[in-house]
Amino acid sequence: VDCYIDLGKTGTNFNRGAFQRLMQDVRMGDINCVIVKDLSRFGRNYLEAGNYIEKIFPFLGVRFIAVADGFDTGAGGNETKQMVSEIKNLVNDAYAKDISAKERAAKRMAQKNGEYVGSTAPYGYCCEKVDGIYKLIKEPEAAEIVQRIFEEYASGKEIQQIIDGLFEDGVHRISDYNNYHHVYWQEGETLHQWGNSSVRAVLNRHNYYGDLVQRKYESRFAKGEKGCDVLDESQWIVTPNAHEPIISRELFEKVQIRLKAAQDARSTVVGWEDDERAFYNVFYCGDCKRKMCTRRSRGSVFYFCNAAQYRDERKCSHKSISENTVQKIVRSELTRQMQLAGFKKKDMSAMSNDIFSAKILEIQNEIKKLNAEVEQRSEKLAQAFMQYKDEKLSRENYMEMREERNNWKIFCEERKETLEQMILRLQKQQKEETRFLRSLLNLEGTTRINAELAEALIESMYLYGDGRLEINFRFKGAIEHE
């Protein structure tokens, strides 16, 4: 049918363009067999790779072949090879984490030597190799914009005023600057206004006063999790006077004082309560498809499209709807659709429990496999010890096997701890969702839909400029309301 290649993409997750296209073709029924060179080419995340090979592909009637590993789900007597594939997937997962740790250590060493290791230079600089290491070199034209932003904010201008001024003067936002490679708009180009977050990012960047500040974040990949941790300032790697400054340290400090005052003022405003905006994660503008924003007005929460205030071609129409109105519409339609579909409370609870139970069982199976692998390696090490005692195995080989087993045991213990925490979280979510599902069909039992239930039952909602509200339930087709 096709050849799906994610060149240069990490195999540690399955959020890869070509892989997603492959799965779409599989779901469409165009593909009944997937062939890879070996299991590591399919993916290096042990849990997800096993889930696809053992559950998703068989359910969709898809045969899976890993040529170099001699693995074929369509061949008879495949139980032993299945175990081999599980072990190899686990090894691939561990290998990816080991490589990640080594790369991270190399990067830390370069940072401590005063080398810039970012993928792109901060706005206002370019990155060049000087005396064998990468340094930040000032870009005069972009540096003037950085200085302008700092000086205007320090003088008392609000961020929106700065954004308006940059747009009126035809200054490209950072992403367009990286694309066009010049600061000011030229004929035939598209001019976009700067985002609030982009201006704040410039105002918060320490590198502009000449110090090289790195390692402000650290990936959670080694822990088997997604995302990054924000590190304490004491953990940053700082090289003083590493490059030519764009602004003075005094100007930077003056800006930080004002930013801190603005942050403190915002923190005095009451934050969002739990489920105060239950549909936030599934609500979009029907015209521009952007995420709907929220604000408080007259004691109520309202959803609105923030793009209505844009000044460039992304400007959208004004639209707004209150949380209370959405609650009434969604709850009425949700109850009606489920009654029409013949759902009963016990059916809904069972449906929810089945989903959570499957996830928990999957994690428990991985823990069992980890325990089995550790036990197997310990037995091999015991046999190796006897060979060493009988002088059939050298001390060097035995010590190497022991170190390998110990490292593997440490990895498995850390992984099991992460998995057990995942089980606890899933069990807590299961109890909460079951309680909501049981009460959903009782009109007197549920006065509001909470965020968790909204995300579980609603795929997306769209509000259009003409007032139409489109609701796409996960179990039913689209429903529209005037």
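Let's start at Y284, which sits in strand β10, residues 283-285. Strands here are DSSP runs of E with at least two residues, numbered from the N terminus. This is a predicted model, in which local features need pLDDT of at least 70 and side-chain atom pairs count only at pLDDT 80 or more, while totals for chains, interfaces and linings use all residues. Residues are numbered from 1 along each chain as its sequence is written, and side-chain values use heavy atoms, with hydrogens and water left out.

Y284 has a relative accessible area of 25%, so it counts as partly exposed (buried is under 20%, exposed over 50%, partly exposed in between, with a 1.4 Å probe and protein chains only). Leaving aside residues up to four places away in sequence, Y284 touches several residues, including K289, M292, M461 and L463; contact means heavy atoms within 4.5 Å. Y284 and M461 are 177 residues apart along the chain, yet their C-alpha atoms are separated by 6.0 Å.

From here, follow the chain into strand β14 (residues 458-463), which runs antiparallel to β15 and is joined to it by 5 bridges. Two strands pair if DSSP finds at least two bridges between them. L463 stands opposite L469 in β15. The hairpin of β14 and β15 has 5 residues between the strands, and there G467 takes a positive phi near 95 degrees.

Strand β15 (residues 469-473) is largely enclosed by the rest of the structure, because 5 of its 5 residues are buried. In a regular strand, side chains alternate between the two faces of the sheet. In β15, L469, I471 and F473 point one way and E470 and N472 the other way.

Methods: Helix = DSSP H or I, 4+ residues; strand = E, 2+ residues; numbered from the N terminus.
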